[in-house]
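Open the model in your viewer and keep the selection panel at hand. The stops below follow one another, chain by chain.

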Amino acid sequence: MSSGTGSTTRRAGPPGEPRRVGYLFVLPAFAVYAAFALYPLLKAVYLSLWHWDGLTLATWAGLSNYADVLGDERLRGAFAHALVLMVFFAVLPLLVGLLLAAVLHRAKVRGLPFFRTVVFLPQVVAMVVIAVAWRRIYAPDGSLNSLLGAVGLDSWARGWLGDYTFALPAVGVVGTWLESGLVTVLLLAGMSRIPTELYEAARLDGAGPVREFLSVTLPSVRAEIAVALTLTVIAALKTFDLIYMTTSGGPGYSTTVPSYEVYRQAFEVGQVGLASTIGVVLTVIIFAISFVITRIGDRGGD
Amino acid sequence: MSRKVLRTTALAGLVGVLGLAACTPGSGGTAAPSQPAPNASVTTDAASLGNVTLTVWDQEVRGGQEKQMSTLISQFQQAYPNIKIERVSRSFDDLTKTLRLALSGKDAPDVVQANNTRSQMGAFVTAGELVNLDPWAKAYGWDQRYPESVRAVSSYSTDGTTFGSGSLFGLPQVGEVVGVFYSRSKLAKLGIQPPTTWAEFDAALATAKDKGEVPLVLGNLEKWPAGHVFGVVQGRYVPAPEIRALGFGQPGGDWTSAENVKAAQTLVDWVDAGYFNSGFNGQDYDPAWQGFTKGEGVFLIAGSWLQADLSAAMKDDVGFMLPPPSEAGGTAVTTGGTGLPFAITSKAENKDAAAAYINFITSPDAMKVLAENGNLPVVETSQQTAPDALGKDVYAAFDAVSRADGLVPYLDWATPTMGDTLGATLQDLLAKKVSPADALATLQKDYAEFTSK
Amino acid sequence: MRVSGSERLANYAILMAFAVFALYPLVGIVAAALQPDTQAPGGLANFGQAWEIGRFGSYLRASALVSVFVVAVSTVLSILAGFAFGTMRFRGSEALFYVMLIGIMVPAEAIVVPLFFDLRALGLTDTFWALALPQVAQSVAFGTFWLRAFFRSSNRSIIEAARLDGASTWRILWQVLVPLSRPALVTLVVLTFMWTWNEFLIPLVMVPTNESLRTAPLGLGFFSGQYTQGFSLLAAGAVIVAVPVVVLYLFLQRHFIAGMLEGAVRD
């Protein structure tokens, strides 16, 4: 999360002089943050140790909610689905982004600013709006099926969001659509900072486009790749609104994800302890992933 | 940095959890005391209640339902200017998803439409979030106008454990019957009559398929619609008392019985024969019936709640019939009963005003307004004139099946989790992810876990 | 770099294909929003109809109120905290900063459950505060991180000079540093605005009953379930909800892109 500005924040020696007044400046922000983010996070850990329906008196659960998350087929499934979504939200956009950025970087094409504006656009549109748009595309009489019909692939047409095999990938493709532009723009920015001498040197060695890409471009954007992966992997884990608005976890439970289960368990089913547990596990996973990716990115940079 | 973050977090977390450990969640107690029978001094004189604002949540969003509701509310406002109605309407799905949240909040609405199910009304009664309506039922004479059978499906014991008897916790406006909508012009083109036996129905489906029509329209993305189709097919094989035990979550039923297997198998056979529109599991409910009105399909198995919308779109071309009886000359068995009942929340400040509102929208005059706008009034149906041809069909069907005692409960009423289980399992079954036997075993597990408690 | 004509052509083809892919769903929904339908007259009149039936006026108002509040409060608090973390040394400042950094990564899904029940116990659910303060908390975590980096990298000699002139710390911040950090501030403001405007889960949970606080994305969510008469007006509603942020993006896209690429994990 911090890699982009990492270079500016690491300086020799601490800045400024010692000042007590610093506490006063930090206090208001920290107070709000502590009350409405930090404390709830700790409270979630605490609630995860109870069986509670949100209404009546809770009973102590110990770690049994955690055992449920691991043991319950459906909840395990939710985490597995999140893993699949990571492929669609992070890995595919990375591949698409690398390809596009490499192409654009090599041939300084015209209209790049326009292209950047367009491919980044999905990032700023509310997820609910995106869900409404894609739900329509995936409908049995939607434009995806019309397209398939037009090219003679009628037999492929289906109700995409209700298909056991394809619902999860269909939701995933929305993620690929959403994140590819972000990753491309990010990588383009990284590549534009690569000194041209590196390419000239590679060419003198007789490197073709592919080797040039592998030996010069790819290593140089390692930090950007790390940032891109962090952003997109976390996006893949926070798909509550997308799932809520498209499949509600269906068909069956084939597209349910942890962030959706948190809401469902807490506010529909009334298992607040279990919901908190899922939330805590989700947070731990997000921390772990950011940690690992940042580490890898840092190592590449040094 | 990361190691430091970890250490700091761990430390802060430890401190926090220790600090919290003093109290048990829920001990602060928003849980209302469970139903000491409300004092008998209820008043039915709504005009004398002073200035009141009632927040009302309903799911009357479809054509005719929306119309009757807004008509009745404006009439109520005229009759009782001192009571201001603030209406919030949202779809059935959104109501289901948000009602639990809303009832536990500080500003809970005063009157809500709560599904009869154990997952909704049952759970809310247990939590003390709904008010026992018995005193008002007596005061307003609901216990006279509404037959026992109608009141029973909105009744729970005051602790919420027994469903189908006890105290009244809600009052429905409309009746509901699930049956078969059909397109007259399509049938004429196919050269078939509306089927009166299951054999004819099977033949009609096959003919429609052969001639390139979509025999059955289904939009099942929301998961619950297939439950209505299954209910109809179940009525073909399974005796009504058996279905009632399953639907009310009473002990003694068996999802895995040979009859239920036959019903589940029939659904699968229909899928195999290609009777449903393609991609039905990924089709939205509303676009599905809209497609039906535009000539995409011959039969639509659905409930009377679509009456106004279908009639408006198809005029005389649409007809409605009960599913055929299981044997010729017998009585039809199908899902139905009442629409979602209106209930009063414990947090309602003026419960008398809330009751006055419920009384108003379920009064004999209201039943007339319901009928005029293409809805099926739950009581005094025979005194109303149906607004159009489709309405006549629906009223006749409801009347016939009620008199023959052929209405059986919605299957998702059974247990707090059955709505969820049934929806997902039927999607599984229809997609042939599970065999009929396995699907029914899943339902049986949900049902048995609950009934054995 | 020189590339051949055919490669150039291929590049443009790839570019076009990808641009179409990115735009198609969005253009599709705009096109659908103009179609006539049962209750939709067609053309621009659809927006008026959707506005009316879907009550989007009220939703946009609520969204605007919440967004302005969250942006204003979190920006001011972030400036103060970022200034302290970036230019002063005090015991535990590092540790405090890292604790706040956690907030950038914590998913709303994890904190929304305890928040709801705690705020309910305090009688705060269904209020503006339940809607706004959790979002201020999340925004402040990002804002502090963002501005700390900026203040840290700003030219120290300016601060020294101002101090020699006898300016107080307070004045140095507001009259010297803040004007200098305008680009960073604009980025922070547009990102915070976008996140708040687009947020779905917090309004869904924190304001279960209060209609007048229903924000635009939530309103659209309910409208999509409630409106059963076709797609045109739903599409029109979706466009109405998306337009404010999209317009802002078209004018200030540099800030959106820079901010999201350099710092943001929040969504």
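Start with residues 12-34 of chain C. This stretch is 96% helix and 0% strand, and its end C-alpha atoms are 31 Å apart. Helices here are DSSP runs of H or I with at least four residues, strands are runs of E with at least two, and both are numbered from the N terminus. The model is predicted, so local features need pLDDT of at least 70 and side-chain atom pairs count only at pLDDT 80 or more, while totals for chains, interfaces and linings use all residues. Residues are numbered from 1 along each chain as its sequence is written, chains are lettered from A and ligands numbered from 1 in the order in which they are written.

Next, select residues 97-117 of chain C. This span is 90% helix and 0% strand, with end C-alpha atoms 28 Å apart. UniProt positions are given in the numbering used here, feature names are shortened, and annotations may be inferred rather than shown by experiment.

Now select residues 60-252 of chain C. The UniProt annotation, again from an unreviewed entry, reads "domain: ABC transmembrane type-1". The span is 81% helix and 0% strand, and its end C-alpha atoms lie 21 Å apart.

How many helices and strands does chain C have? The chain has 12 helices and 0 strands. Its C-alpha atoms fill a box of roughly 70 × 70 × 30 Å along the principal axes. Of the 267 residues in chain C, 58% are buried. Buried means that 20 or more other C-beta atoms lie within 10 Å of the residue's own; 12 or fewer means exposed, anything in between partly exposed, and the C-beta atoms are placed from the backbone. Look at contacts too: two residues are in contact if their C-beta atoms, placed from the backbone, lie within 7 Å. Among contacts in chain C with a separation of 6 or more, 81% join residues 24 or more positions apart.

Ala, Val, Leu, Ile, Met, Phe, Trp, Tyr, Cys and Pro count as nonpolar, Asp, Glu, Lys and Arg as charged, and the others, Gly among them, as polar.

Now bring in chain B. This contact takes 31 residues from chain A and 33 residues from chain B. On the chain A side, the largest share, 5 residues, comes from α2(A). The side divides into 20 nonpolar, 7 polar and 4 charged residues.

Stay in chain A and pick A170(A). This residue sits in helix α8 (residues 167-192) of chain A. Why does A170(A) count as buried? Because A170(A) has 25 C-beta neighbours inside 10 Å. Leaving out residues up to four places away in sequence, A170(A) touches Y138(A), W160(A) and L161(A). Then jump to E200(A), 30 residues apart from A170(A) along the chain: their C-alpha atoms are separated by 43 Å.

**Inside chain B**

Colour chain B by domain. Domain 1 is 31-174 + 339-385, and domain 2 is 176-336 + 409-451. These bounds come from an automatic or database domain assignment. The C-alpha centres of the two domains of chain B lie 29 Å apart. Where they meet, 20 residues of domain 1 are in contact with 19 residues of domain 2. On the domain 1 side, the largest share, 4 residues, comes from α4(B). That side divides into 5 nonpolar, 12 polar and 3 charged residues.

Select helix α13 (residues 285-293) of chain B. Here 9 of 9 residues are buried, including W289(B) and F292(B). Its cover includes β7 (216-217), α10 (225-237), β8 (299-303) and α14 (307-314) of chain B. Just after α13(B), G295(B) takes a positive phi of about 90 degrees.
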